[in-house]
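Here are my notes on the strand pairing in this model. Please read them with the structure open.

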Amino acid sequence: MCEIVPATRHLFAVLLAGLAAFPALADLRPAPVPGGVASVVVAPAGQERPEARFAGKPVLLRKQADGWHALVGLPLDTPPGEQVLEIGPERRPLAFPVTPRSYPEQRLTIKNPKMVTPDPDDLARIELERELQIAVRSRYRNVEVPRVDLDLPATGRLSSRFGLRRIFNGEPRAPHTGLDVAVPAGTPVRAPADGVVSLVEDFYFNGRTVFVDHGQGFVSMVCHLDKAQVEVGQTVRRGALLGQSGSSGRATGPHLHWSVYLNGAAVDPALFIEPPPAR
């Protein structure tokens with residue numbers, strides 16, 4: 001880096017002013033690990049917004065002082081090592097590293113055995129609901145995303161963290177793909193950022209659920225609600241009321257489950273919020 005000398009103070013001030021024109025990544029803390037978010041510079045800041053895809057899906061792009069950043073959601077089953085983005089209409093490969101991460105185990109007791117091993121009659125419903133949720137969280141709405149920091153949807157203690165390898169009644173199940181907030185029933189649940197409500201539904205496992213589309217494949221989901229208070233297609237602002245917390249679906253008690261998706265992949269919501277104070 002060149003040394004700044006008194007004769008260049010004016011130039012330095014101009015550079016600082018230029019940097020201020022680019023929004024910071026706010027509270028997003030990129031983590032290129034399975035279940036995390038990789039931030040990859042894919043083009044110079046001076047050009048128009050480029051195209052970038054990961055695993056065939058378009059990814060969120062934001063302009064920063066050093067160039068256009070692709071914010072890549074990495075599924076929990078992403079193998080560590082080199083991964084590849086495809087840039088531009090010609091699909092030019094751009095490699096980036098993914099480092100390993102291990103997640104702890106969590107054992108839970110569910111009173112209703114059908115929530116651990118559903119009856120055959122429920123399996124068809126569960127599969128249809130799974131396909132619908134995958135489709136909603138994978139949509140790409142081509143709008144600018146001015147902010148990628150998020151607000152916690154409800155005020156409470158962070159309980160079950162993202163990525164926990166879950167065992168229900170002694171039986172291994174899928175990892176926890178969200179962040180739980182310990183709150184009593186009826187606690188207001190609010191939009192973590194501006195967006196459009198893309199789905200309101202009552203699911204077998206998730207209970208009453210609301211999806212909010214923040215743009216460019218950036219999606220939030222809140223579930224186990226007692227009540228949803230928005231409609232599909234409704235525009236919401238950060239902090240707008242989405243509903244009230246509860247224990248609908250598969251839940252051991254009242255709480256809020258919050259998931260965040262990028263390019264269809266569930267990623268750790270804690271990366272997008274202000275880190276909690278050290279205990």
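1. A term to begin with: two strands pair if DSSP finds at least two bridges between them. Note also that this is a predicted model.

2. Gly-215 stands opposite Phe-218 in strand 16. Strand 15 and strand 16 (residues 218–228) pair in the antiparallel sense, with six bridges. Two residues lie between them in a hairpin. Gln-216 sits in that turn and has a positive phi of about 55 degrees.

3. Now the other partner. Strand 14 (residues 195–203) also pairs with strand 15 in the antiparallel sense, over seven bridges. Here Phe-203 faces Gly-207 of strand 15. The hairpin from strand 14 to strand 15 runs through three residues.

4. Is strand 15 mostly covered or mostly open? Strand 15 (residues 207–215) is mostly covered. Eight of its nine residues are buried, and buried means under 20% relative accessible area.

5. Three strands make an open sheet with antiparallel pairing, in the order 1-5-4. Strand 1 (37–43) and strand 4 (60–64) are at the edges. Each has a single partner strand, so one side of each lacks a neighbour in the sheet. On average, neighbouring strands of this sheet are turned by 30 degrees against each other, direction ignored.

6. Within that sheet, check strands 4 and 5. Strand 4 pairs with strand 5 (residues 67–73) in the antiparallel sense over five bridges. Arg-62 stands opposite His-69 in strand 5.

Conventions
Residues numbered from 1 in each chain as written. Predicted model: local features only at pLDDT ≥ 70, side-chain atom pairs only at ≥ 80, totals over all residues. Heavy atoms only, no water. Buried < 20%, exposed > 50% of the residue type's maximum accessible area, 1.4 Å probe, protein only. Helix = DSSP H or I, 4+ residues; strand = E, 2+ residues; numbered from the N terminus. Axes fitted to C-alpha atoms, helices over the stretch in contact; angles between N-to-C directions.
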